[in-house]
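User: I am new to this structure and would like a short tour. Could you show it to me?

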Amino acid sequence: MIEPFTVPFMGRALAELVLLALVCGPVSVFVFARRLAFVSDAVTHTVFPGVVIGFLAGGIEGIVVGALVAGIATAVVLTLLGRAGALSDDAATAVVLTAMFSIGVVLVSRRSSYTSDLTSFLFGRILTVTPRQIVETAVLAVLILGLLLVGARALVFRTFDPAGAAAAGFRIAGLDLLLNIIVALVVVAAVRAVGTILVVALLIVPAAAARMLTTRLSQMALVGTGLIILAAYGGLLASWTASVDYGIALTSASAVVLLLVLAYLLLLPLGALRSRRNHGRTAPHARRSPHELVG
Amino acid sequence: MNDAAAADAALRCTEVSVGYHGTPVLTNVTLDLVPGQRLALIGPNGAGKSTLIKSILGLVPVLAGTCTVLGRTPSHARTLIGYVPQTDSLDADFPVTAGQVVMMGRYRRIGWWRPTRGVDRRAVQEALDRLGLADHARTHFGVLSGGQRQRVLLARAIAAEPRLLLLDEPFNGVDLVSQDAILSVLRELGAAGTTLVLSTHDLTLAHEFADTVCVLNGRQWALGPPGATLTADTLRRAYGGHAIELRDGRTVLVEP
């Protein structure tokens with residue numbers, strides 16, 4: 001069960017995914033609590049043209065820079081849209097998302113190696129992760145966790161009670177920008193290994209699954225990280241076994257994501273049980289005053 | 001305005017108009033509250049009560065007139081102002097305990113990332129105790145009843161030790177036990193010098209809570225003691241509907 005990971009490229013793949021698990025667990029909690037699933041999806045798509053431009057300009061090493069520029073730009077634009085109230089309108093986000101994605105496809109389609117390039121941008125290349133990539137991911141992970149550590153308290157307050165947080169003197173726009181930048185940085189960190197499509201799963205599924213087990217934010221983050229690590233180990237092992245022992249091509253990143261989703265599905269009944277128990281504990285519905293006026 | 005006098009006043013609004021995007025929803029509000037005064041904002045839905053509260057918090061712009069809190073502009077007085085939002089504006093599914101919600105009241109003091117200290121945890125526990133929620137510190141906020149949630153939010157405001165406390169419809173959907181707990185804590189706070197402003201459309205509770213009532217609907221219709229302001233005549237004019245006198249001298253409105 002451990003042996004495949006003694007092969008260098010398998011060990012590096014696991015190391016990369018463990019680093020991503022460390023950031024995606026906590027970040028997914030905020031994505032979940034702020035209901036930013038669609039916004040995260042938008043970031044992954046808008047980062048795509050940045051990835052392509054970065055690759056065209058600087059090869060593999062250019063991808064991170066391109067993704068970083070596109071990701072930060074998206075974070076700013078989404079924050080401004082949110083300020084203007086346009087984000088509640090999903091259509092505005094969807095227009096930005098599809099437009100940017102199309103630009104990426106147009107750019108990548110000009111290359112002769114169109115199909116293989118597109119595939120690797122969309123689904124990543126987890127098995128060809130280099131030591132340098134791992135170092136870059138580690139640097140981004142430290143940055144992301146640092147930002148989260150500084151902002152977590154204010155972000156929780158803002159997420160739970162925006163008016164209360166603003167009344168207490170926290171700047172809502174600043175906090176929204178911070179979280180959008182954190183999400184963008186996660187996408188940038190994950191994009192080469194798992195691709196722009198599958199990173200959405202790492203940002204949404206862990207917290208959604210962890211919510212079935214616990215109602216505490218810190219525990220959700222830990223459980224989320226644990227689930228990603230388990231899925232990473234299981235997914236890589238499954239794709240190794242499938243291709244080495246049975247000659248079946250099973251894309252590693254897809255196997256990881258499928259296992260993550262499977263964990264979510266297995267935990268679903270637990271969540272239902274939990275919420276039924278909680279509803280049993282809820283006090284009978286509050287009285288409405290007979291003197292209350294309805295204007 | 002005399003600066004010394006403004007500093008004495010806990011809340012002073014002079015011919016204030018408030019609203020969104022430059023369009024006033026409430027005009028000509030003039031208030032002058034001393035420390036410990038208890039003001040009830042009365043008016044129908046859409047009267048501008050919540051908007052006035054948000055402008056005192058510095059969240060909605062004052063379009064005309066001036067508003068000062070303890071001699072400062074609203075946005076410079078935030079550390080002195082407590083705010084209790086309507087419970088139904090919050091996400092009950094949010095994974096957070098009652099104790100964590102009350103701790104949010106301390107966040108401005110604690111800062112961005114410093115760990116909580118003993119003084120913060122004591123303030124949280126005391127606030128929960130005062131509202132009869134000592135056993136609920138570790139209870140998930142979402143499984144509490146509406147009245148308990150409202151008490152948690154009041155505990156959060158108290159934990160911040162404000163000198164001016166604003167409450168937006170604190171009695172909406174609240175059970176009798178919670179209502180009494182909230183009223184008695186508000187009386188204690190008033191006696192200790194905290195200035196209180198709450199919006200409600202429950203006239204009976206306004207009578208019980210307030211020493212001053214401000215009747216609002218688009219503009220200020222009356223300001224003064226409950227007995228002088230909550231009259232059938234004033235309310236009929238402000239609400240534009242019918243008011244009937246109850247036997248105990250209190251007034252209640254019926255829809256036209």
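Analyst: The answers below go through the two chains and some of their residues, and the model is a predicted one.

User: Where does UniProt put the transmembrane region feature in chain A?

Analyst: The unreviewed UniProt entry places the feature "transmembrane region" at residues 13-34, 46-79, 91-108, 134-157, 177-205, 217-240 and 246-267 of chain A.

User: How far apart are the ends of the span 46-79 of chain A?

Analyst: The end C-alpha atoms of residues 46-79 of chain A are 14 Å apart, and this span is 91% helix and 0% strand.

User: And what about residues 246-267 of chain A?

Analyst: In residues 246-267 of chain A, the end C-alpha atoms lie 30 Å apart. The chain there is 73% helix and 0% strand.

User: What is the radius of gyration of chain A, and what would a compact globule have?

Analyst: Chain A has a radius of gyration of 21 Å. A compact globule of 295 residues would have a value near 19 Å, so the two agree. Along the principal axes, the C-alpha atoms of chain A fill a box of roughly 75 × 40 × 30 Å. Buried residues account for 51% of the 295 residues in chain A.

User: Is A:Ala210 buried or exposed?

Analyst: A:Ala210 counts as buried because its relative accessibility is 0%, where buried means under 20%. A:Ala210 lies in helix H8 (residues 172-210) of chain A. Between A:Ala210 and A:Ala141 there are 69 residues in sequence and 21 Å in space, C-alpha to C-alpha.

User: Now chain B, please. What is its secondary structure?

Analyst: The secondary structure of chain B comes to 10 helices and 11 strands. The radius of gyration of chain B is 18 Å, close to the 18 Å that the globule rule gives for 256 residues, so chain B is as compact as a globular protein of that length. The C-alpha atoms of chain B fill a box of roughly 55 × 45 × 35 Å along the principal axes, and buried residues make up 57% of the 256 residues.

User: Which residues cover the faces of strand S5 of chain B?

Analyst: Strand S5 (residues 81-84) of chain B has B:Ile81 and B:Tyr83 on one side and B:Gly82 and B:Val84 on the other, and all are buried, so both faces are covered.

User: Which strand does S5(B) pair with?

Analyst: S5(B) pairs with strand S6 (residues 164-168) of chain B in the parallel sense, over four bridges. B:Val84 stands opposite B:Leu167 in S6(B).

User: What is the phi of B:Glu161, and where is that residue?

Analyst: B:Glu161 has a phi near 50 degrees, which is positive in a residue other than glycine. B:Glu161 sits in the loop between helix H6 (146-159) and S6 of chain B, and is partly exposed with a relative accessible area of 47%.

User: And B:Glu169, is it buried or exposed?

Analyst: B:Glu169 is buried, with a relative accessible area of 5%. B:Glu169 lies in the loop between S6 and helix H7 (176-191) of chain B. Its phi is also positive, about 45 degrees, although B:Glu169 is not a glycine.

User: Last topic: which residues make the nonpolar surface patch?

Analyst: A:Val150, B:Trp112 and B:Trp113 make a nonpolar surface patch of about 340 Å². B:Trp112 is found in the loop between helix H4 (107-110) and helix H5 (118-130) of chain B, and counts as partly exposed at 37% relative accessibility.

How values were computed
Residues are numbered from 1 along each chain as its sequence is written. Chains are lettered from A and ligands numbered from 1 in the order in which they are written. This is a predicted model: local features need pLDDT of at least 70, side-chain atom pairs count only at pLDDT 80 or more; totals for chains, interfaces and linings use all residues. Side-chain values use heavy atoms; hydrogens and water are left out. UniProt positions are given in the numbering used here, feature names are shortened, and annotations may be inferred rather than shown by experiment. Helices (H or I, at least four residues) and strands (E, at least two) are DSSP runs, numbered from the N terminus. Patches are made of residues with over 30% relative accessible area and no salt bridge: like charges are joined within 9 Å, nonpolar side chains (Val, Leu, Ile, Met, Phe, Trp, Tyr) within 5 Å. Accessible areas come from the Shrake-Rupley method with a 1.4 Å probe; for residues, only the protein chains shown count as cover. A salt bridge is a side-chain nitrogen of Lys or Arg within 4 Å of a carboxyl oxygen of Asp or Glu. Buried means under 20% relative accessible area, exposed over 50%, partly exposed in between (1.4 Å probe, protein chains only). Two strands pair if DSSP finds at least two bridges between them. The radius of gyration is taken over C-alpha atoms; the globule rule is 2.2 Å times the number of residues to the power 0.38.
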